[in-house]
Amino acid sequence: MNRSIKLSLATLALVVTAGTAQAQSGNVTAEATVLSPLTLTPIRTLQFGNTFPGVLKTVAATDAANSGAIQVIGSGTSEVAVSAPSMTVTLACVGTCTGGVATPITLNVSASALAGGIDATPGNSTAFTLGTAGANRNLVGGNLFVLIGGSLTPASNQAAGLYRGTVQINAAYTGL
Amino acid sequence: MYGLSVHSPTRTSRRSTGRGVREGMSRVARWLVALGLVLLPSRAMAQLGNITAETTVLQPLQVSGIWSLEFGTVPRNRVTTIAPTNIFSGAFSVTGQTGAQIAISFTLPTTLVRVGGTQTMPINTYTGCVAATYPVGTNPCTTFTPSAAPTNATLVGGVRWFYIGARVDTRGLNAAQLPNGSYRSFIVMTAAYTGN
């Protein structure tokens, strides 16, 4: 290896060595604002009133007097996924039911949701159909009202009396 | 002839130490991973809410056959009629929710069949009336046509009585066609709430 080649290699080695800089450190801040947790508050009972054995009775979710209502309270305009674990609910006899067979009554649930106001005032409400798969809606002013309706048909030999069941609604932030 | 020996470590060999990957990962990539841990959202745990659904079921209907439609002994070649207001008319009672409206309908046979035989006697021209009491004749009885579409009635006092008349026609039937004996069929009454 002649002298000129040796010199070039030495120069290259210096360059390469210089390219391996001393490690530097830096910091970034990670932060998050935790929103207020969702709360679900029952507002109104889904009330079918009197029903006749063998006769279908339906209460629309938009029935302001008889539909059930749950208020979802959260943060601002966050998006919330609302769902119902089951769209079928069983109503069972409460106390004494007489004059027939006190078999449970199947309630087929329907639902919709109103953002902003339970009164479904045009302009501040967005009704949508709620199924077991759920639906996403934004809170308005931190509120979402889920209205519950349904239909049921007592058996023709259904024992007379009060029947009651529970409709469950789930709500969770989507992160949006 | 000269050759170069090139060593290319496999992914496995790097993973086996774990060090290779970490060392090979740029600082930027590490920051991205760290940032990703912060930004990637996980769906929040669902909150549950319950409401009560309830209804009050009213009294179920009960339909009872109270009295048979009795023609008694009928001669051959004759039409024999029993009016619904006749004491021998058939009678049904319906009990249920006071004040509720019900719809009633009938399945009406067209023949009576000899008991223990196959001969038949025509029965037709059904008539009916509904009253608040039993037996018929103690109160006004409002007429209706049993063969027509379902008839609505209101359960005033939670009960109504339905009386059925008809006629049997033995004209043109000889002794072989209509031997002596008892002839019988069933009249079926169905009642249901209308929801009103």
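The legends below describe close-up views of a predicted model. Local features are given only at pLDDT of at least 70 and side-chain atom pairs only at pLDDT 80 or more, while totals for chains, interfaces and linings use all residues. Residues are numbered from 1 along each chain as its sequence is written, with chains lettered from A and ligands numbered from 1 in the order in which they are written.

**View 1. Secondary structure of chain A.** Chain A contains 10 strands and one helix. Along the sequence the order is α-β-β-β-β-β-β-β-β-β-β. Helices (H or I, at least four residues) and strands (E, at least two) are DSSP runs, numbered from the N terminus.

View 2. Of the 176 residues in chain A, 31% are buried (20 or more other C-beta atoms within 10 Å of the residue's own, with C-beta atoms placed from the backbone). Residues are in contact if their C-beta atoms, placed from the backbone, lie within 7 Å. Among chain A contacts between residues at least 6 apart in sequence, 79% link residues at least 24 apart.

**View 3. The contact between chains A and B.** Chain A gives 47 residues to the contact and chain B gives 25. On the chain B side, the elements giving two or more residues are β1 (47-57) and β12 (188-193). The largest share of that side, 11 residues, belongs to β1(B).

**View 4. Strand pairing across the two chains.** Strand β10 (residues 160-173) of chain A pairs with β1(B) in the antiparallel sense, over 11 bridges; pairing requires at least two bridges found by DSSP. Within this view, Thr166(A) stands opposite Thr52(B) of β1(B).

How values were computed
A residue is buried if 20 or more other C-beta atoms lie within 10 Å of its own, exposed if 12 or fewer, and partly exposed in between; C-beta atoms are placed from the backbone. Two residues are in contact if their C-beta atoms, placed from the backbone, lie within 7 Å.
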